[in-house]
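Hi everyone, thanks for making time. I'd like to walk you through a structure that may be new to you, so let's bring it up on the screen.

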Amino acid sequence: MTETLTITRPDDWHVHLRDGEMLQAVARYTARQFTRAIVMPNLTPPVTTSAMAAAYRERILAALDEGQDFTPLMTCYLTDNADPDDMAHGFEAGIYTAAKLYPAGATTNSDSGVTDVANIKGALARMADIGMPLLVHGEVTDAEIDIFDREKVFIERILQPLIEELPHLRVVFEHITTENAVGFVKSAGPNVAATITAHHLHINRNAMFEGGIRPHAYCLPIAKREHHRQALRKAATSGSPKFFLGTDSAPHEVEAKESACGCAGIFSAPHALESYLKVFEEEDAIDKFEGFASFHGPDFYRLPRNSDTITLTRKPNQVVEGLAAAGTVVVPFHAGDTINWEFAA
Ligand code: DOR
Ligand code: ZN
């Protein structure tokens, strides 16, 4: 039995670091485990210009603990008024790594998102030309579509036609949750990949209703049926370069989660690697972990792989019930549970 595992240092290809006091509290957890992270732009107000992204990057760097060596990779929040020139400038100047498509109203702070992909065709065509990746929150927002079907319908109505129209556009289908998304990504060309969260590998939709309503298991896209979770586990541990690590760690204050209208988001940053590794171990695929965590992401983004290593040790690791943040508490994924791996900083 493997007692320690040493791999090339991983990156997180999808994280919410927030701003202000919350950023001060949470940035350290991501920087502790990862060398780089794709930072989501859904702040209030959203990060819509290259100047805002450059300023946000400085705030992230200032929030790190002494000695932490971490590179935030910034993203542009697409709106109906996205400016292709500023996006191209930001990408070519190394400020932006990618741009994020939030369908308006799909999730937290997505009100300024895109109301119709037709409105950003100019920006998307420019992105395809310059090789700037498009990161997609793949859910339709129509109230009449069942929440558990929104990813599947998004593929049919939006993503498939978009890729047919712009076959060279580089697309990361973010935090996929269905076997439909797995199948779509596998059948698409090498310019289409996906991130998979740790929580969607661990929980199915029952987790939200175990003995009562469980707000800490609520995220978007919402966890689906068990057969979808099994398809995600198979994809993540398959060794396919199309699937890579993206935690979607999304901290909310405990009061905002445990509420009559609780926010979507699971804060997985503190034990992200241990959580993923548990899945790879359960799937008897520890040999595939380094590819998923450390190689497939940078290869897709055309960035160098990291050169240093990290080590995880097999030992009982009790996850705390809550972490201090922004004058209150944030509840981490696996709170109160024991994971059988520990990351040593
Ligand atoms: O669960 C989620 N939380 N999904 C998202 O897409 C956004 C995120 C957040 O920002 O809280
Ligand atoms: Zn997210």
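Before we look at any residue, here is one term: buried means under 20% relative accessible area, exposed means over 50%, and partly exposed is in between. Please also keep in mind that this is a predicted model.

Let's start with the charged pairs. As a general point, side chains of opposite charge can pair when their charged atoms come close. How many salt bridges does a search of the whole structure find? The count is 16.

One of them joins the side chains of Asp-19 and Arg-59, at 2.8 Å from N to O. This pair links distant parts of the chain: Asp-19 sits in the loop between strand S2 and helix H1, Arg-59 belongs to helix H2, and 40 residues separate the two. Now our term comes in handy. Arg-59 has a relative accessible area of 35%, so we call Arg-59 partly exposed. Asp-19, at 29%, is partly exposed as well.

Next, please find Arg-233. Its side chain meets that of Glu-282 in a salt bridge of 2.7 Å, N to O. Because Glu-282 lies in helix H10 and Arg-233 in helix H8, the pair ties together parts that are 49 residues apart in sequence. Is Arg-233 buried or exposed? Its relative accessibility is 5%, so Arg-233 counts as buried. Glu-282, with 43%, is partly exposed.

Arg-233 also forms a salt bridge with Glu-283, at 2.7 Å, N to O. Glu-283 lies in the loop between H10 and helix H11, so here the parts tied together are 50 residues apart in sequence. Through shared partners, salt bridges join Arg-233, Lys-278, Glu-282 and Glu-283 into one network.

You'll find Val-182 in helix H6, which spans residues 179-187. With 7% relative accessibility, Val-182 is buried. Which residues does Val-182 touch, leaving aside those up to four places away in sequence? They are Ile-176, Ala-231, Leu-232, Ala-235 and Phe-243.

Last stop, the surface. Glu-21, Glu-253, Glu-255 and Glu-258 gather there in a patch of negative charge. Glu-255 belongs to helix H9, residues 254-257, and its relative accessibility of 48% makes Glu-255 partly exposed.

Notes
Residues numbered from 1 in each chain as written. Chains lettered and ligands numbered in written order. Predicted model: local features only at pLDDT ≥ 70, side-chain atom pairs only at ≥ 80, totals over all residues. Heavy atoms only, no water. Patch = residues over 30% accessible without salt bridge, like charges linked within 9 Å, V, L, I, M, F, W, Y side chains within 5 Å. Areas by Shrake-Rupley, 256 points an atom, 1.4 Å probe, with all protein chains shown as cover. Salt bridge = Lys/Arg side-chain N within 4 Å of Asp/Glu carboxyl O. Lys, Arg positive; Asp, Glu negative; His and termini not counted. Charge placed at Lys NZ, Arg CZ, Asp CG, Glu CD. Helix = DSSP H or I, 4+ residues; strand = E, 2+ residues; numbered from the N terminus. Buried < 20%, exposed > 50% of the residue type's maximum accessible area, 1.4 Å probe, protein only. Contact = heavy atoms within 4.5 Å.
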